[in-house]
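Please view the sequence and the structure first.

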Amino acid sequence: MYSYHSEKAINTGTMASHAVFPDPKVYLKDKPGVFPEPVIASPPLGHQQTFIILHGRGSTAAKLGPPLLATIASSTNQTIQQAFPHAKLVFLTASKIRAKIYKRAYTHQWFDEWHMEDRVTHWDLPVEGLKKSISYVADVLRKEIAIIGRENVVLWGLSQGCATSLATLLTWDNEPFGAVIGMCGYLPLANLIEEVSESRSFGSPKTVPSRVGSEEDDDGVEEGMKRISEDPDEDLFYPPAGEDTSDDPFSPFDDDINSTTDLQSSCDRAEFDLPTEAIIRFREGLVMEQHLAMSFQKIPIFLGHGDMDEKVSLDLGLQAKKCLAYVGANVQMETYAGLGHWFSEDMISDIFLYLHRKLTPKTI
């Protein structure tokens, strides 16, 4: 299913690592709109678990992998492959798509996004790319679950990779898997969940806001962006400086929509409680086929965030936690004093402890 990247590689700097990462310059040749081949760090011992790991915006597997593998947990003095010697690490890379805030230059990102401080005004900008990335990540999840069992698979994301992981979680239509880990991230389209949570009754308007028309891609590739961050992940979010739904095109009760539940097309939407309504709104916002699978409520979630994060503010992390808890997710969040937009030895330590508590090793 996957294979090692055959291009020129760099050393990860860890004795336990069995990964071969390509030179980051290799990704400059990637074709726009195509997800590059994953990079696999094979387990030092027999394969019993799989961690699927997503980088941040403007980064790649080759940029995130080596520092993550080299980080030593403060409490155990172990790297990830020492703490989980049976885990296969699947580092995914986002496709290159145009970034509106960079004058539509190409960059590796899971979806396009507006400025973090004003993203609600362009709340639907991520939708097109996010749908494609959710489909891709969900496909990798299903394949790994088929290999090793759903209870042994973890979805792990940094920054925009965390945002994509959470969106994949909330749209997941299969049985629960092992866990979701998010570092310095946020929840895209969180405003749709907040609108329901703040409505307090079903009498409030529930239609999804009008989507802003997207620009058509023109031919050719524009010049690359100037580097604006010294962050080792180069996760570049912004440059410095009771109603009738019969005619609703996003209605989840269309007869043509496939459902993985016993939902009937004749159900009255008002029968759902507000958290379920919020999930329906979230999935409508992504213009996805509707289902009422709520298996995400049985998937443990850990979120870590620095209180000095200058790119994705702690408030956005707290918003994600609040929205996830509102819809019934099992979420734990830890905040790290003095930490910016990255992970730390303490955060990695907490993640290791969390996964050891939540995962049951597979017997082979």
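The structure shown is a predicted model.

Seven strands make up an open sheet with mixed pairing, and their order is 3-5-4-8-9-10-11. Strand 3 (39–41) and strand 11 (331–336) each have a single partner strand, so one side of each is left without a neighbour in the sheet. These two strands therefore stand at the edges. On average, and with direction ignored, neighbouring strands of this sheet are turned by 15 degrees against each other.

Strands of a sheet are paired through backbone hydrogen bonds, in either a parallel or an antiparallel sense. The pairing of strand 4 (residues 49–54) with strand 8 (residues 153–158) is parallel and extends over five bridges. Within this pairing, Phe51 has Val154 of strand 8 as its bridge partner.

**Helices**

Helix 4 packs on the sheet, where it touches strand 4, strand 8, strand 9 (179–183) and strand 10 (301–306). The direction of helix 4 makes about 140 degrees with that of strand 8.

Helix 4 (160–170) is also part of what covers the buried residues of helix 5, as are helix 6 (274–285) and helix 7 (314–326). Which residues of helix 5 (residues 190–197) are buried? They are Ala190, Asn191, Leu192, Ile193 and Val196.

**Aromatic contacts**

The structure holds nine aromatic pairs. Two of the pairs are set out below.

| Pair | Centre to centre | Angle between planes | Class |
|---|---|---|---|
| Trp172 and Phe177 | 5.5 Å | 90 degrees | edge-to-face |
| Phe302 and Tyr354 | 5.4 Å | 50 degrees | tilted |

Trp172 counts as buried because its relative accessibility is 2%, under the 20% limit for a buried residue. Phe177 has a relative accessible area of 4% and is therefore buried.

How many residues apart are Phe302 and Tyr354? They are 52 residues apart, so that this pair links distant parts of the chain: Phe302 lies in strand 10 and Tyr354 in helix 8 (residues 345–358). Both Phe302 and Tyr354 are buried.

A further group of rings is found in one aromatic cluster, formed by Phe51, Phe84, Trp156 and Phe352.

Terms used. Residues numbered from 1 in each chain as written. Predicted model: local features only at pLDDT ≥ 70, side-chain atom pairs only at ≥ 80, totals over all residues. Heavy atoms only, no water. Buried < 20%, exposed > 50% of the residue type's maximum accessible area, 1.4 Å probe, protein only. Helix = DSSP H or I, 4+ residues; strand = E, 2+ residues; numbered from the N terminus. Contact = heavy atoms within 4.5 Å. Pairing = 2+ DSSP bridges. Axes fitted to C-alpha atoms, helices over the stretch in contact; angles between N-to-C directions. Phe/Tyr/Trp six-rings, centres within 6.5 Å; stacked < 30°, edge-to-face > 60°.
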